Amino acid sequence: DLQLDDLRAQFRAEIEGVGDMEVLKDLRVKYLGKKGQVTSLLKSLGKLPAEERPQAGKVINDLKEELESILSDRCAVAEEEALTAMELRDFVDVTQPGRGRPAGGVHPVMQVMYDAAEILAGLGFSVALGPEIEDDFHNFEALNIPPHHPARDMQDTFYFDDGKLLRTHTSPVQIRSMLSMGAPIRVACPGKVYRRDSDPTHSPMFHQIEGLLVEEDVSIGDLKGCLETMISAIFARPLKARYRASYFPFTEPSMEVDIECIACSGENPGCRICKGTGWLEIGGMGMVHPNVLRAGGIDPEKFNGFAWGMGLDRIAMLKYDLRDLRPLFEGDLSYLLSGR
Ligand SMILES: CNC(=O)COc1cccc(Nc2cc(Cl)ccn2)c1
């Protein structure tokens, strides 16, 4: 009996305050397992005189049951505590407002690019894209730009060692489109272009969109209608345009296009946007030069067409009243997400 009391006291001491399921499992093995201390007592019953075995067996089994009930109670408590601890740890207060994520914003230049492409699609133009690393033929020669034309100068154009270059406009994409699709054709070519003469108000990389339409009997009226439709759609309001005679090697006749100042319509001589002129230059256009049609594999006796080019960054700055071009290239999210 003394031995049983010691065992009981020892078990109670060991299980006191135990909350860890692993420790409880070890205790079950240590006392009640196959090689457990209580189990081994039962095995030693055989050593007792026969008449003492029933009584001894009962007492030992009573102890076994007692320890088992203590152990199962303690396991139940431990499981409960573990569950409560887990609930507390993993508790999610679903009534909290969501953390949310700031909505992204479309970059102003891309927005204008999409607007223009959308409108031009409505006028029957497909969008064509092409390589930014170009060769001399597609970027200059095919555009009737003579070998020693200043546009080819190193101060304007980025050249690679192998003579390739960073395209200075998106016209090469139109050349490639004519060569691959032939006439009739209507393509809009937006994209990045590169100029070497960068300075505080000019970025070496900027964006342009050019358009080309080649069919059998195209007039300058068609060109003016197309441009004015596009510009009025980009600025979401009818805008007057004016055309000034100009020169480009790839168009004849050539014109530069101004639109009425979107801020003052010519009413404010002190206007910051148009410097009081009432007009904003947005690009150039003209009837495609026959040499360029030929370079595009198109017969100028059968087809004629028009083309234009305009800067998207400048349009975006006007449309969104941006003061400076640089934030457009710095990728500063706080600026881009600020609704400008
Ligand atoms: C920002 N761009 C400007 O101020 C002026 O750009 C222009 C003006 C006139 C024509 C074109 N493009 C062009 C393309 C081909 Cl394939 C044939 C003829 N012309 C681009």
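## A tour from the ligand outwards

Start by selecting the ligand and Glu 210: a ligand nitrogen sits 2.8 Å from a side-chain N or O atom of Glu 210. That is a polar contact, meaning here a pair of N or O atoms within 3.5 Å. Before you click on, remember that this is a predicted model, where local features need pLDDT of at least 70, side-chain atom pairs count only at pLDDT 80 or more, and totals for chains, interfaces and linings use all residues. Residues are numbered from 1 along each chain as its sequence is written, and side-chain values use heavy atoms, with hydrogens and water left out.

Next, pick Gly 284, which brings a backbone N or O atom to 3.4 Å from an oxygen of the ligand. Then go to Gly 309, where a backbone N or O atom is 3.4 Å from a ligand nitrogen. On its own the ligand would expose 490 Å², and the protein buries 90% of that (Shrake-Rupley areas with a 1.4 Å probe).

Now show the whole shell. It holds 17 residues, the closest being Gln 174, Gln 208, Glu 210, Gly 284 and Ala 307; a residue gets in if one of its heavy atoms lies within 4 Å of the ligand. Colour by type and you get 9 nonpolar, 7 polar and 1 charged, with Gly counted as polar.

Which element gives the most to this shell? Select β9, with 4 residues. The elements with at least two residues each are α7 (171-181), β5 (205-215), β8 (279-288) and β9 (304-311).

For the next stop, select Met 317 in helix α10 (residues 312-319). Is Met 317 buried or exposed? It is buried, because its relative accessible area is 19% and buried means under 20%.

Finish at the second largest pocket, with a volume of about 190 Å³. It has 10 lining residues, and those closest to its centre are Gln 3, Leu 4, Leu 48, Ala 56 and Ile 60. By type, the lining splits into 7 nonpolar, 2 polar and 1 charged. A pocket is an open set of points on a 1 Å grid over the protein atoms alone, where a 1.4 Å probe fits, with protein on both sides within 12 Å along at least five of seven lines; lining residues have an atom within 4 Å of a point. The volume is the space filled by probe spheres set on those points, which are joined across faces, edges and corners.

Key
Polar contact = N/O pair within 3.5 Å; in protein donor to acceptor, adjacent residues only side chain to side chain. Buried < 20%, exposed > 50% of the residue type's maximum accessible area, 1.4 Å probe, protein only.
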